[in-house]
Amino acid sequence: MEIISNLILGLGVALTPINLLYCFAGVLLGTLIGVLPGIGPVATIAMLLPATFALNPVTALIMLAGIYYGAQYGGSTSAILVNIPGETSSVVTCLDGYQMARQGRAGAALSVAALGSFFAGCVATVVIAGFAPPLAEVALKFGPAEYFSLMVMGLVAAVVLAHGSLIKAIAMIVLGLLLGLVGTDVNSGVSRFSFDIPELSDGIGFVIVAMGVFGFTEVIVNLELKEAREVFFKKVSGLWLTRADVKAATPAVLRGTLIGSVLGILPGGGALLSSFAAYSLEKKVSKNSAKFGKGAIEGVAAPESANNAGAQTSFIPLLTLGIPSNPVMALMVGAMTIHGIQPGPQIVTNQPEMFWGMIASMWVGNLMLVVLNLPMIGLWVKLLTVPYRMLFPAILLFCAIGIYSLSNSGFDIYLAVLFGLLGYVFVKLACEPAPLLLGFILGPMMEENLRRAMLLSRGDATVFFTHPISLGMLIAAAALLLIVVAPAVRKKREDVFVE
Amino acid sequence: MKIIHSLIVGFLLSTLLGTASADTYPSRPVKIIVPFGPGGFTDVVARVLGQKLSASMGQAFVIENKPGAGSTIGTSAAAKADPDGYTLLMVSTTHVISPWIYKDLPYDPLKSFSIISKLADSPYVLLVNPQKVAAQNVKEFIAESKAHPESIHYASSGNGSSQQLMGGLFVSMTGAKLKHVPYRSSSMAMQDLLAGFVESSFAGVSNALAQIHAGRLKALAVTTATRSAQLPDVPTMQEAGVPGYHASVWLALLAPAGTSKEIVNRLNSAVAQALQTPDAKKALANVGVDVSLSTPEKMTEYMAQEYARWGKVAHDSGITVD
């Protein structure tokens, strides 16, 4: 059992007092920045980078990794309590988490998020320990054609996300696709819909749209519905999970963990996509899918497990191939190289203490996070009893600070305000923002990979069918599409989804 | 007691003389604008430099990332700042490439700035995936590309990126028939190169080291005039048969035009001191850049040459971003 001896070696490193201390510092800081909307791990890790200079490389990496997965825990807190995604990957948690909070079940939502994340974190750690090198090879099988087909499948699945009318869901996806087109086209270098505004030339940031249509919109809506808010403060009940909750959440956590572990490996937004995917799947397979969007506990458990598992397994391409799968991982590369470590296939053999120490620290860190977060739940729920007239200026201020910190640009704040107003219009029209966000993420990636695949195949469109992985995903997408549009099924779908 | 005494005297003196003259500079925190996102090598070098300067000059040097639009957003913010030495700008080769690609910039890459110093050079390396390309050296690589025109692609981090221009320069000097494939970032380009979806790429040495040592990628030549310390066995382009090819991605520290000569010189020597300390040198070597310093005058001259050179390459390869 090589994996056990390796993990023991890793635990030996992770459990030294100094590493425990820095691991704790990392997860604590991560939880805090996770709770604060907008302020994300990228800015935090960048600022701490020079400070890690004096540390032992393993200690430094343990702390920086702790910030990252700590933020995934914290991100769900603000999503559940005030409908503001604290981290990009907790956007989906808003959908049902916030509804649970409105029904006075914020405590249960926070508990299931923390426990689901803990479970997913532990499983993903074992996945990294046991299968990192072969999984990295799988990630390499994903070329432009495979990514395109994956995005097609994602878009079809996006339709499932909405719980209103099908037409409106499709309209929102298309609007998302259009918003994703803004900025310089990667393939041709042509600037699209940027109106000669330099800030738009790299496109609109996901966080800006998400904060706008969730956070700012929510504040506007709440200010309009004064009485409704007051009702939901008064009936904050049971902090803990009931037996029925556990029964409903357990399979959701398991499926979420599986999806997160798989999608996290793929470069390009693994953790984020995985939470969307887990939610869609859960909604499809769940017996009470009608409850989704109205406070279903599975709708919190699945995406939260998925994003934490994804955050963890996104270390795989970094540790085994030296390829960062997201901006945080790019910073980890920076942190490693500054200490003279070349991330890549040799790490496991050349620096086993570092590799296994870091992996073991993730398990230790996850345990710390759950211990840290569970007692805090009572405190967080109390926050809901703060009168809204005092709470909302604070929410807006933190949002604004967070958005500004993305690229030190005031323009981004104005843009988010604009999306907030747009989101309010959506609420009035009963259109869901979640499919819009998914279209916004998937659209540009789909276009980019379609054109890259065509460029590499010299205009031969059969590549999408001759690559087996790509073909498999297209077939799956077609099957999904059939289910959605087939008349008989559609009728049933509408019965289920229309309120 | 003596220390406290001298501290008090020092404090009084500094408040008395606390005006914006070069003698007291810096008397408040200095901002270094990095027109790229955090984590890139420009950012890492800026943070190492900022930490060193904070220690040696007694004031905080704060890094502010202002990424976007091929570094032009952060750069125009710096160009508009007061030329008092409290706003500095960290640029890379992109600074003299973007003006050829983006229309109507609100600044002139040379005239809008007082150049403080060159900081570093970063060699690039021509990489091929050995499972896709049979060539063992640059000459064979050129021949192979000519024998099968446009079947060899080179991946870059986007239109107008230095990775693309390194390739564009190579194509224009050798007549190799390579086809450019842009990606959103250098790591995405690297991933597809490793997987063999694209055949070749010009990449920063530090990004490729691990893969070269593992044998998954083959390094044919480095782009600089001298060999890279990290890849001593890899020939330079000139040694490999492309006479006249020498290019690197450099980093420089600038201030808005009109910054006083005294402050520029003061910073120039402080930068030189900071980057010549062994730990700074080592940290920079680790991220794949070699410390390379110069006087303000020399760097001003060099930047003008580079501006002309990359302009020609961008023009020859037909690169535009709108």
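This note goes through the two chains, their contact and a few local elements.

1. Basis. This is a predicted model, in which local features need pLDDT of at least 70, side-chain atom pairs count only at pLDDT 80 or more, and totals for chains, interfaces and linings use all residues. Residues are numbered from 1 along each chain as its sequence is written, with chains lettered from A and ligands numbered from 1 in the order in which they are written.

2. Chain A, overall. Chain A has 23 helices and two strands. Helices (H or I, at least four residues) and strands (E, at least two) are DSSP runs, numbered from the N terminus. The radius of gyration is 22 Å against the 23 Å that the globule rule gives for 499 residues, so chain A is as compact as a globular protein of that length. That radius is taken over C-alpha atoms, and the rule is 2.2 Å times the number of residues to the power 0.38. Along the principal axes, the C-alpha atoms of chain A fill a box of roughly 60 × 60 × 50 Å.

3. Chain A, burial and contacts. Of the 499 residues in chain A, 58% are buried. A residue is buried if 20 or more other C-beta atoms lie within 10 Å of its own, exposed if 12 or fewer, and partly exposed in between, with C-beta atoms placed from the backbone. Among contacts in chain A with a separation of 6 or more, 79% join residues 24 or more positions apart. A contact needs C-beta atoms, placed from the backbone, within 7 Å.

4. Helix α15(A). This helix covers residues 327–338 of chain A. Its 12 residues should span 16 Å at 1.5 Å a residue, and the end C-alpha atoms are 17 Å apart, which agrees. The expected span is 1.5 Å times one less than the number of residues. A:Gly340 follows α15(A) and has a positive phi, near 80°.

5. Helix pair α5(A) and α6(A). Residues 91–102 and 106–140 of chain A form these helices, which pack at about 140° with axes 7 Å apart. Axes are lines fitted to C-alpha atoms, for helices over the stretch in contact; angles run from 0 to 180 degrees between N-to-C directions. A:Thr93, A:Gly97, A:Met100 and A:Ala101 of α5(A) meet A:Ala106, A:Ala108, A:Ala109 and A:Ala113 of α6(A). These contact residues divide into six nonpolar, two polar and no charged. Ala, Val, Leu, Ile, Met, Phe, Trp, Tyr, Cys and Pro count as nonpolar, Asp, Glu, Lys and Arg as charged, and the others, Gly among them, as polar.

6. Chain B, overall. Chain B has 11 helices and 11 strands. The C-alpha trace of chain B spans about 75 × 45 × 30 Å along its principal axes. Buried residues make up 55% of chain B.

7. Strands β1(B) and β2(B). Strand β1 (residues 30–34) of chain B pairs with β2(B) in the parallel sense over five bridges. Pairing requires at least two DSSP bridges. B:Val34 stands opposite B:Asn65 in β2(B). B:Phe61, B:Ile63 and B:Asn65 form the covered face of β2(B), while B:Val62 and B:Glu64 form the uncovered one.

8. The A–B contact. Chain A and chain B each give 43 residues. On the side of chain B, α7(B) gives the most, with seven residues. That side divides into 19 nonpolar, 17 polar and seven charged residues.

Methods. Two residues are in contact if their C-beta atoms, placed from the backbone, lie within 7 Å.
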